[in-house]
Each structure stands twice: as C-alpha cells, then as structure tokens.
Amino acid sequence: MEKHMSVCPYCGTGCKFNLLVENEKVVGVEPLNGITNEGRLCLKGLYGYDFVNDTKILTPRLLHPMYRRSRDADFERISWDEAIKIAATKFSEIKSKYGPDAIMTTGSSRGCGNETNFVMQKFARAVIGTNNVDNCARVCHAPSVAGLAQTLGNGAMSNSIQEIGETDCLLIFGYNVADSHPVIARRVIEAKEKGAKVIVCDPRKIETARLADLYLPLKNGSNMALVNAFANVLITENLYDKSYVANHTEGFEEYKAIVSKYTPEYVADITGLDPDDIREAMRIYAAAPSATILWGMGVTQWTMGVDVVKGLSGLALLTGNLGRPHVGVGPVRGQNNVQGSCDLGVLPNVFPGYQPVTDAAIRAKFAKRWGVASLPDKVGAMVTDVPHLVEHGKLKGYYIMGEDPAQTDPDLTAVRKSLAGMEFVIVQDIFMTKTAMLADLVLPATSWGEHEGVFTAADRTFQRFYQAVPPKGECKHDWEIIAEIATAMGYPMHYQNTQEIWDELRELAPKFYGATYEKMEGLGYVQWPCYEVEDAHGAKYLYHGNKFERPSGKGLLYACEWHPPMDQTDSDFPMILCTVREVGHYSCRSMTGNCSALQTLADEPGFVTMNPKDAKRLGIKDRELVHVSSRRGKIITRAQITERTNEGAVYMTYQWWIGACNELTGENFDPTSKTPEYKYSAVKVEPIADQ
Ligand code: SF4
C-alpha cells in the first residue's frame, strides 16, 4: 500500500493525513500530526475520499471534454484540441465584440490549489483584460475579508487554530462549530476543559450551546443590535481597556455616541434577550485574561454582514484582545481553500497578496512581470452581480472553474436565467454538476488526489498537498487547461509544474515571499505574512506590537444603526428560513454525495428542521414530506422536528439536489461585499396531503 501526504479537501481547518492507495485507488486515510489537526480528523476527513475513485453514486466523474453545438443539442464528446480551440475562439470573439468586461471568471475554493487560482486570476487580468474574477467567498466570508480589512488591516483570522484551545474565553457568534469544523470543535472542548468560559450567541440551540457557560438565543436578524449592546455594556460599565483604546484605536467618540442608545434594555425586544444576560456576557468576556471571538456564516450571510464583522472586531479592540497569543478575531473559513482563493487575488479588487488593482504602481509591477502593456484598473464584477449584469446585456461569457452556482447561489431561477442569457459558458469541474448541465463546453479537470499544490487553512497556514493517484480518463490539471486556452488566445503561458507558479507568486506578493516549497515540504507549514525566507513559520498571530495595517497604524472602532433583514415575513410567508450546514455533507454535495460512507449515513441531507410547536400548529409530523415556498419558488423536502430549532424559524442545508433551498433564497445583498442574506427568507411550510 502506498501513502501520499495530503490536506483534507473539505473545510478550512486544514487537517493533514496520508491517502492510502492500492492499485491506483484511494482506499483509506491515516491521520497525521499536522499543525492544525494534531492527529485528529472528523467524519468527512476519515470517510470523504472515495469520490476520487469515480464511485458514480450520485453522478459520474467527467472524463473527457464535452460540447453542445446548440443549447437544444445534447453534449457530445470532443478532443482536447477541439475544446481548447472552441474556448479560445469564443472568448476572443466576445472580447473583440463586447470588450473584456463582458467575460466573467471564477476561481475555485474546493480542492483547487493556490497555484491554480493564481493562474485563473492571471488569465482574467493579463489575457482577457478584466478584473471580473471572483470566488465563493462572495457568498460566505467576503464580509469578514472586507470588514476586518477596514478595521484592522487584514481580512483574515488574527490568531491561529491551535491557540483556540488555550484561550480563557470564547465568544462564539453565529457559528455552528461542531457541524462546520468538527476538529476546531475539539479545540473548543479543550479550552473548556482547561477552564475557559464559553459564550454562544445563536438563535438555534446548536451543539456548542450545550457546553456554553452562557447561551444567548438571539432572534434571527438582530446581530448588529446585540453587538452594539455588547459595546454599550463594555463602555458604560467601564469594562474596556482605556489605555489600549487611547493608544491603539481611533474613532472612539463617534463609536460611543452610536452605541450609547443600544442599552441591553433597548435591544431586549429586538434581540429577544434578557438584558442581564447581555451584561453578563460582556462581564465574562472583559474579565478573561485572554479572549477570542469566533464567527461563521451566522454573522456574514446578512445584509449587515460587513457591519457586524466590524462591530465584533470593535469588541476585541475595546478590550485589548489583539496582538498577543490566545486572543483575537476568528472568521473560520468554510471551504478548504477559500482563504487561499482570496489570498491569491481571485477577487475583483485585489491582485495576489491583497494588492489593490486601483494602485498604478502595483499594476505596473504585475504588468511588467506578465509581459503586458497594461492591466485593467477598474474593480471587476462579483459573482453575485452576474444575474443583474446579464439582464442588462453586460456579460456574455462565463468561465466557471470548480463552482456550482446553479446549486449554491441565491434565487436559482435568476441564476439559471443568467446562464441561459450568456452567449458562451465553460464549466471546468470534476463532476457533471447542475451548472455543468447548463454549460456550452464542459472541461474535465483532475480532482484533489490527482494533483498537487498548496492550500491555505482558515488561519493563514500554507500547507502542501501531493498527488496520490493518476488522473482519470483524459482529465488535465486546471492550471494546464487555463494555460492552454491562454496560449490559444495569443498569450503564451507555459508552466512546467506548480512550483514554478508558486515562485512567480512569491516574487509578486511580498507577504508570501518567505513561504518556499522547501519549507512547506511534508508536514512543514508557513503562516502569512512571511516576508523573509529566514522566517521559519511566518506569523502565528497578527498585529504584533498592536500595529494595525491601516494608514494610521491604529484599529478602527466602528458601529452603526441596526436595521431589520430585507425580506419580511407576513401572513402569506410567516416563517423565517435560514440556510445551514450539515456535518456529513459539504457544499453542493458533488464530492460527499459520491462518497459511499457519507452517502450511506445521510442520503437525504435536505430536511427542513422545525420546532415541535410550529410543527403541531401546522399539522406536520417528523419525517413527513412538506412543501416550503417563498416569494421566489417552491420545493419539496422532509420535515425534521427538533427542540433545537427556535419557534418561527426553519433551517435547511443547501445540499439536496431535488429540493434545493436556494430556489427559495433571494437577492438581498450586503451593500459592500454583495453577500446574500441567506440567513433570512420569508417562507411558508405546508404539509403535503395524501403522502
Ligand atoms: Fe477535513 Fe475539516 Fe474535518 Fe478536518 S475538520 S477532517 S479539514 S472536514
């Protein structure tokens, strides 16, 4: 049996293990002592490997290029030469007819390495000539990136995953740790066992709420009001660190003026919380020698997502919980390389290493290295802009790599309409996803397990992963396919291996320069920023010496007025739908749905959970089929009745193919990050007669 070292392709914890291979098939995994997992793995890490083997449980692997000569025609198998020629010709035609900004591209955060993402953003900028490049962070943690960049200077976790077990207080806000990042949940238990206080803020009684010292079941949609009230308590009860605020922050007077009205009593109706509990939470948080705030999509997937992220960072600034070990702010990233996609400039406003596209000197540096006269200076489109841009005739071509917007993006009717409205759509993937079914050209890429590279874990940790088995069928590496299309479009792009790409990145992104392949060999790792090769592991935590990467060098205290969610319940749609995670399945389920053990454990991960009182009122029994409808669509799913769900709200995972909950979600976006308000859609739930 062969052993090949890898990094888990699922969540952003970055767990390391060996893939066990027999006769070119992955047959198991063996946990390793990686820096983030220290020998632990969860359900998905242990049993989520066999999709690589083309199990055909949910859908078969894509093995050769396929093309539809018209939208009414079936896909037919074509050669790689023909596929590359079609892609290059169609994109060249669209570019010359409508201009480069008529083409949109995506990177991929699911099993695609940093090198592939680097090549995709280079293709968009240097070959097409547009900053229209984005990734799925847009629909999850983009508010964390934007919010933290504004208040602290870096859009990432300030401290490290291994420090979570060492902190004295954990404020867990809108983050279902146990289902989203089970190995990080172990760190929470570790901290608790060592005496840490745990505060959980979540409308649903999630698993972590069971071990909380204080559980705050706030009403859906009241995050900003609660964060303002937290700040109010810290200030009015003199619990904040005055010296830290004076020396390392700015904006205090304006901040204090805004939060002054948000007393615990004032927000009691908005949040549904007892004012004494709000006060107690901040007394615990401020008294702890070290305190860490962790959050997930319960904070970000709102129209106030960026504001709440900024508000949470304000609590850490007020109490001096930054710039030292075991403290900080932790947006725990969902997909395994979503931090990497952002780091590598698969964003419409920055080059790799978070260097702005609007900076002429930065553009000149990249243009010189890439051998082009100039690079686009206008911030590009975001993936959630796509339906609107297509409707207005501004987007005509789409190159989608390893993403499945027809399953994962909000308002699927609008998404399907936008794909149909494009002149040419390429989907490059490992499975025939719902989006691939709507494409013109489908390109088969190698899967995780069949290629190598570097992933970034949620805490800025770069780790290498290695190829374990040969590519299936005619699959090619993503970066090779992109380079071949670039070359056919008249921009010669030739890389021999991923290290060549990585070294080009290091040369162009000073923050990553010290992260060499050699240092990351085997169980090696580097956390960015790492400016020097001599710096062994980079930065375990950010903001040493309380220097924030902002023009003033100080952290920004920020608060704003709360407003309710955009979609409103009424007598037709009286309940709130919130989309959530399920421990055994992942993203659009193309990977976990093709893993035999995971599929056996949960073959219908599309249930709608509801409170027993709501179920009784509506005449719905546990496991019965129900209709769920919103102002945008109607689906069929199965009810799961549980006390953990709060009254008036229902929760659905977004993995089920038949009744995808995103048929119901809407296009209400955060104004800065354009992240959808997945956490709040007005719906109606009805029993189905004659089941
Ligand atoms: Fe994989 Fe995340 Fe589980 Fe670790 S915690 S094994 S990275 S899914």
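Which residues does UniProt list for "domain: 4Fe-4S Mo/W bis-MGD-type"? The unreviewed entry gives residues 1–56; such annotations may be inferred rather than shown by experiment, and the positions follow the numbering used here.

## About the model

This is a predicted model, where local features need pLDDT of at least 70, side-chain atom pairs count only at pLDDT 80 or more, and totals for chains, interfaces and linings use all residues. Residues are numbered from 1 along each chain as its sequence is written.

Over residues 1–56, the chain is 9% helix and 36% strand (DSSP runs: H or I of at least four residues, E of at least two). The end C-alpha atoms of this stretch are 24 Å apart.

Around the ligand sit 14 residues, the closest being Cys8, Cys11, Cys15, Cys42 and Gly45 (C-beta atom, placed from the backbone, within 6 Å). Helix H1 (43–47) and helix H6 (182–193) each supply at least two residues of this shell. At least three come from each of domain 1 (2–53) and domain 3 (142–332 + 552–556), with bounds from an automatic or database domain assignment.

## The nonpolar core

Now to the largest nonpolar core, with 221 residues, where Ile172, Phe230, Leu312, Leu577 and Val650 touch the most other members. Such a core joins buried Ala, Val, Leu, Ile, Met, Phe, Trp, Tyr and Cys residues through C-beta atoms within 7 Å; buried means 20 or more other C-beta atoms within 10 Å of a residue's own, with C-beta atoms placed from the backbone. Helix H7 (residues 223–236) gives the most to this core, nine residues.

Conventions. A residue is buried if 20 or more other C-beta atoms lie within 10 Å of its own, exposed if 12 or fewer, and partly exposed in between; C-beta atoms are placed from the backbone.
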